[in-house]
Amino acid sequence: NMDTTKQHQNFADELEQKFGKIVGGTELTKLLGYPSTDAFRQAMKREQLPIDVFSIPHRRGYFAYCRDVAQWLENLPKK
């Protein structure tokens, strides 16, 4: 519905204001709920990450689009 779409947009905008268009490193690890970067790397190796991540030439680590992170977080089951 329209409210949910607007909420998602606002949340995605908030993430982008905080991190820019992409997020990586410790911030990405925390946003995806992993306790450590080692746990993140292990999940990546097992192809169990909930969103697409990518590397950037001449930069260390992996990155994701904030909009993808926001969408994944918004679609998690609500208690």
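Author: Arg41 and Asp38 sit three residues apart in helix α3, so about one helical turn separates them. This is a predicted model, and its average pLDDT is 91.

Reader: What makes Arg41 and Asp38 a salt bridge?

Author: Their closest N and O atoms are 2.5 Å apart. The cut-off is 4 Å between a side-chain nitrogen of Lys or Arg and a carboxyl oxygen of Asp or Glu, so the pair Arg41 and Asp38 counts as a salt bridge.

Reader: Why is Arg41 called partly exposed?

Author: The relative accessible area of Arg41 is 46%. Buried means under 20% and exposed means over 50%, so Arg41, at 46%, is partly exposed.

Reader: Which salt bridges does Glu16 form, with Lys21 and with Arg67, and how far apart are the closest N and O atoms in each?

Author: For Lys21 and Glu16 the distance is 3.4 Å, and for Arg67 and Glu16 it is 3.1 Å. Arg67 belongs to helix α4 (residues 66-74) and Glu16 to helix α1, so this bridge ties together parts 51 residues apart in sequence. Through shared partners, salt bridges join Asp13, Glu16, Lys21 and Arg67 into one network.

Reader: Are Glu16 and Lys21 buried or exposed?

Author: Glu16 has 16% relative accessibility, so it counts as buried. Lys21 has a relative accessible area of 56%, so it is exposed.

Reader: How many aromatic pairs are there in the whole structure?

Author: A search finds two. Tyr34 and Phe40 make an edge-to-face pair, with 6.0 Å from centre to centre and 85 degrees between the planes.

Reader: What makes that pair of Tyr34 and Phe40 edge-to-face?

Author: Ring centres must lie within 6.5 Å, and planes over 60 degrees apart count as edge-to-face. With 6.0 Å and 85 degrees, Tyr34 and Phe40 therefore qualify. Both of these residues are buried.

Reader: What is the phi of Glu47?

Author: Glu47 has a positive phi of about 55 degrees, although it is not a glycine. Most residues other than glycine have a negative phi. At 72% relative accessibility, Glu47 counts as exposed.

How values were computed
Residues numbered from 1 in each chain as written. Predicted model: local features only at pLDDT ≥ 70, side-chain atom pairs only at ≥ 80, totals over all residues. Heavy atoms only, no water. pLDDT = per-residue confidence, 0-100. Buried < 20%, exposed > 50% of the residue type's maximum accessible area, 1.4 Å probe, protein only. Phe/Tyr/Trp six-rings, centres within 6.5 Å; stacked < 30°, edge-to-face > 60°. Helix = DSSP H or I, 4+ residues; strand = E, 2+ residues; numbered from the N terminus.
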